[in-house]
Amino acid sequence: MLDHFRSYRPTGRVAGRIVAAIALVSVATGILSILTDPTLEAAGPLADLQAAAEFSGTVVGFALLVAAWGMRRGYRIAYLTAGALVLLAAAHGVVQLRLLSVPLIVLSIGGLAVLALTSTRFTRSSRLDLSPTQSGSFVAIVGVFCYGVAGAYTLRNGFSELETVVDAVYFTLATASTVGYGDIHPTTEAARLFAVSLLLLGPTTVAVAVGSLFGPAIETRLARTGRRVTNHHPAETDRVAVLGLDEITVAAVERLADRTAVTVAASDEKRLRALPNSVDGVLGEPTANETLERVDLGACDAVVIAASDEPALASVARATMDARVIAIADGPTAPEVERRADVVIDPLAVAADATTAATLGESDAAAQSSASAASHSG
């Protein structure tokens, strides 16, 4: 048992859940710190730092939730960001000088240890491909924000209760978002004209930018919902689940792991351990409800099924989530598998057709066409 414990390596899913837990504890600790008095009263600059940590600790918690989401997708940048934020959360717990911060400190230290052990689990690079319109919208938001802060601070003598850069940031955000609390207001003509310009630029820029930045992503997501992919080139996927392991699916996992996040569920522990480190392994019967819940099929864009071993897996997968289903089956397949899967591939038929094409001297295109004909699209 001791040897097993020493050889145990947390999965990427475990690391993501721990980061999410640290995020929730950080948010709760920050809120409670605002509502309660510190165990040790600080003085001077440390008192100001302590007060700032009460608020910023909550912000760090929400940022960690975003990082946990990225880790679930296998992004390397999310993993690195989470490491920095967890360290920052621990520092916040120390600065807050409260007994209720102790759980945050302990959990953060443990989280850093888990992150150190799961470094190889997160290898997926994040690519941010923005169209010219989206890039322009992003620049416009940043530009309006800088214009508001710089202008408000420069004209601070023309505003009531606006003295610092933080006040200028607060006024800019309140104005651009049309919240307008009214605690900071212009008292001179120049300040009023500036406020009018910010009222015209701010909401308009934000509305246009949000539409251009997030509209295409929302449209793509809605278009994919309920869609069953047939015989066209597969789209890029965020996460793939593989249910069951055999010689073919093992080879497929090794190739998929270089291009996307992969989670494998199988009852063969030896084969699971032999998979690449970046692959999340779930030990258990692939058809068991508990195993499928741990795989989290609802978050997958595609699922590969060793249907030759477990024909019922296709039905289970299709009934559980909305994703492309690729079943690998030798020989005749059960009608239920063919009906539920988007694609059923017979490796023996593919190999036979490719061999025949090569033997008869057919062209590569003909061989590929023949191989494709050996697969069934649902």
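What follows is a dialogue on how to read some features of this predicted model.

Biologist: Let's begin with the overview. How many helices and strands are there in the chain?

Modeller: The chain holds 15 helices and 7 strands. Of its 378 residues, buried ones make up 38%. Please keep in mind as we go that this is a predicted model.

Biologist: What share of the contacts in the chain with a separation of 6 or more comes from residues 24 or more positions apart?

Modeller: That share is 61%. As for the surface, the chain exposes about 20700 Å², and carbon and sulfur atoms supply 64% of that area.

Biologist: How should I read a nonpolar core, and which residues touch the most other members of the largest one?

Modeller: The general idea first: in soluble globular proteins, nonpolar side chains tend to be buried together. Here the largest nonpolar core has 20 residues, and those touching the most other members are Ala-15, Val-19, Ile-22, Leu-64, Met-71, Ala-89 and Leu-115. Two or more core residues come from each of helix H2 (12-35), helix H3 (45-72), helix H4 (76-95) and helix H5 (102-117). The largest share, 6 residues, belongs to H4.

Biologist: Could we zoom in on one member? Which residues does Ile-22 touch, not counting those up to four places away in sequence?

Modeller: Ile-22 touches Leu-64, Val-86, Ala-89, Leu-104, Leu-107, Ser-108 and Gly-111. Two of these partners, Leu-64 and Ala-89, are also among the residues that touch the most other core members.

Biologist: Now the outside. Which residues form the nonpolar patch on the surface?

Modeller: The patch consists of Ile-31, Leu-32, Ile-34, Leu-35, Phe-55, Val-59 and Leu-100, with about 670 Å² of accessible area together. H2 and H3 each supply at least two of the patch residues, and the largest share, 4 residues, comes from H2.

Biologist: Take Val-59 as an example. Why does Val-59 count as partly exposed?

Modeller: Val-59 sits in helix H3. Its relative accessibility is 43%, and partly exposed means between the 20% limit for buried and the 50% limit for exposed.

Biologist: A charged residue, then. Is Arg-98 buried or exposed?

Modeller: Arg-98 is buried, because its relative accessible area is 6%, and buried means under 20%. Arg-98 lies in the loop between H4 and H5.

Biologist: How many salt bridges does a search of the whole structure find?

Modeller: The search finds 2. In one, the side chains of Glu-247 and Arg-271 meet at 3.1 Å, N to O. Glu-247 lies in helix H9 (residues 247-256) and Arg-271 in helix H10 (residues 269-273), so this pair ties together parts that are 24 residues apart in sequence. Glu-247 is exposed, at 59% relative accessible area, whereas Arg-271 is partly exposed, at 28%.

Biologist: And which side chains meet in a salt bridge at 3.0 Å, N to O?

Modeller: Those of Glu-269 and Arg-273. Both residues are in helix H10, and they are 4 residues apart, so about one helical turn separates them. Glu-269 is partly exposed, with a relative accessible area of 35%, while Arg-273 is exposed, with 54%.

Biologist: Let's turn to strands. In what sense do strand S2 and S3 pair?

Modeller: Strand S2 (residues 261-266) and S3 pair in the parallel sense, over 4 bridges. As one example, the bridge partner of Ala-266 is Leu-283 in S3.

Biologist: Which residues make up the covered face of strand S3, and which the uncovered one?

Modeller: In S3 (residues 280-283), Asp-280 and Val-282 are on the covered face, and Gly-281 and Leu-283 are on the uncovered one.

Biologist: How many residues of strand S5 are buried?

Modeller: In S5 (residues 324-328), 4 of the 5 residues are buried, which makes the strand mostly covered. S5 runs parallel to strand S4 (residues 302-305), with 4 bridges joining them, and Val-303 stands opposite Val-325 in S5. S5 also runs parallel to strand S6 (residues 343-345), joined by 3 bridges; there, Ile-328 stands opposite Ile-345.

Notes: Residues are numbered from 1 along each chain as its sequence is written. This is a predicted model: local features need pLDDT of at least 70, side-chain atom pairs count only at pLDDT 80 or more; totals for chains, interfaces and linings use all residues. Side-chain values use heavy atoms; hydrogens and water are left out. Buried means under 20% relative accessible area, exposed over 50%, partly exposed in between (1.4 Å probe, protein chains only). Two strands pair if DSSP finds at least two bridges between them. A nonpolar core is a set of buried Ala, Val, Leu, Ile, Met, Phe, Trp, Tyr and Cys residues joined through side-chain atoms within 4.5 Å. Contact means heavy atoms within 4.5 Å. Patches are made of residues with over 30% relative accessible area and no salt bridge: like charges are joined within 9 Å, nonpolar side chains (Val, Leu, Ile, Met, Phe, Trp, Tyr) within 5 Å. Accessible areas come from the Shrake-Rupley method with a 1.4 Å probe; for residues, only the protein chains shown count as cover. A salt bridge is a side-chain nitrogen of Lys or Arg within 4 Å of a carboxyl oxygen of Asp or Glu.
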